[in-house]
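Please consult the sequence and the model alongside the text.

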Amino acid sequence: MSESFNHADRILAGRILGVDIGTKRVGIAISDPLGNFAVGLETLEDYSRAQLLEKMAALCVQHDCHRIVFGLPKHMDGREGPEAERVRKLADSLLLLKPDLEIIFLDERLTSVMAHQTLRAQGIKASRNKGLVDQAAAKRILQDYLDKQHFK
């Protein structure tokens, strides 16, 4: 999966989804059309695997997305565990539904911590807005990816 493309490619590629898959919720973020910044899109709760795949495929069609950045959960020492394998399998299943997608995995270590800090700085209590934490984590994952693309 190639991660190299220039600014013109970003404009032509449509929007990009960022996804933070948790055990209870999935946070989803989306880029602006030019690929400069990420915004929270929604949080999915109480979903089955099939529902999640259908929803992500539908969001790709609805928003003309051809690229998805999945947060890849890793241990602090960089090793991948069962959660990372679950994310990779989900991405493989999504490719069966939408083979034209480009899938990118980005290390998501500490994104939930940063999401909590961001919400706290905005005066939002994460304990009362758990769905916002997941969206903020997805937004952080996607924004990290977008920022890296600008420095290539």
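Arg-88 is located in helix α3, where helices (H or I, at least four residues) and strands (E, at least two) are DSSP runs numbered from the N terminus. With a relative accessibility of 26%, Arg-88 counts as partly exposed; buried means under 20% relative accessible area, exposed over 50%, and partly exposed in between (1.4 Å probe, protein chains only). This is a predicted model, in which local features need pLDDT of at least 70 and side-chain atom pairs count only at pLDDT 80 or more, whereas totals for chains, interfaces and linings use all residues. Residues are numbered from 1 along each chain as its sequence is written, and side-chain values use heavy atoms, with hydrogens and water left out.

**Surroundings of Arg-88**

- Arg-88 lies over the face of Phe-105, at 4.6 Å from the ring centre; a charge sits over a ring if NZ of Lys or CZ of Arg is within 6 Å of the ring centre and within 35 degrees of the ring normal.
- Apart from neighbours within four places in sequence, Arg-88 is in contact (heavy atoms within 4.5 Å) with Leu-72, Glu-80 and Phe-105.
- The C-alpha atoms of Arg-88 and Ile-103 are separated by 9.6 Å, the two residues being 15 apart along the chain.

**Helix α3**

- Helix α3 comprises the 16 residues 82-97 and reaches 23 Å from its first C-alpha to its last, close to the 22 Å expected at 1.5 Å a residue; the expected span is 1.5 Å times one less than the number of residues.
- The buried residues of α3 are Ala-84, Val-87, Leu-90, Ala-91, Ser-93 and Leu-94.
- An α-helix has 3.6 residues a turn, so residues three or four places apart point the same way.
- The cover over the buried residues of α3 includes β1 (15-21), α2 (49-62), β4 (65-72) and β5 (102-107).

**Overall architecture**

- The chain contains 5 helices and 5 strands, in the order α-β-β-β-α-β-α-β-α-α from the N terminus on.
- Of the 152 residues in the chain, 45% are buried.
- Among contacts between residues at least 6 apart in sequence, 66% join residues at least 24 apart.
- The chain exposes about 8100 Å², of which carbon and sulfur atoms supply 53%; accessible areas come from the Shrake-Rupley method with a 1.4 Å probe, and for residues only the protein chains shown count as cover.

**Nonpolar cores**

- The largest nonpolar core has 25 residues, of which Leu-17, Met-56, Ile-68, Phe-70, Leu-94 and Ile-103 touch the most other members; such a core is a set of buried Ala, Val, Leu, Ile, Met, Phe, Trp, Tyr and Cys residues joined through side-chain atoms within 4.5 Å.
- At least two residues of this core come from each of β1, β2 (25-31), α2, β4, α3 and β5, and α2 provides the largest share, 6 residues.
- A second, separate core has 11 residues, including Ala-29, Val-69, Ile-104 and Tyr-145.
- Met-56 is in contact with Leu-17, Val-19, Phe-70, Leu-90 and Leu-94, its neighbours within four places in sequence being left aside.
- In soluble globular proteins, nonpolar side chains tend to be buried together.

- Ile-68 belongs to strand β4 and is buried, with a relative accessible area of 0%.
- Not counting residues up to four places away in sequence, Ile-68 touches Leu-17, Val-19, Cys-60, Leu-94, Leu-101, Glu-102, Ile-103 and Ile-104.
- Between Ile-68 and Phe-105, 37 residues apart in sequence, the C-alpha to C-alpha distance is 8.4 Å.
- Ile-104, in strand β5, counts as buried at 1% relative accessibility.
- Ile-104 and Arg-67 are 37 residues apart in sequence and 7.5 Å apart in space, C-alpha to C-alpha.
- Tyr-145 is in helix α5 (residues 130-150) and is buried, with a relative accessible area of 1%.
- The C-alpha atoms of Tyr-145 and Asp-107 are separated by 9.9 Å, although these residues are 38 apart along the chain.

**Loop residues with positive phi**

- Asp-46, in the loop between β3 (38-45) and α2, has a positive phi of about 50 degrees although it is not a glycine.
- At 75% relative accessibility, Asp-46 counts as exposed.
- Asp-64, in the loop between α2 and β4, is likewise not a glycine and has a positive phi near 55 degrees.
- Asp-64 is partly exposed, with a relative accessible area of 43%.
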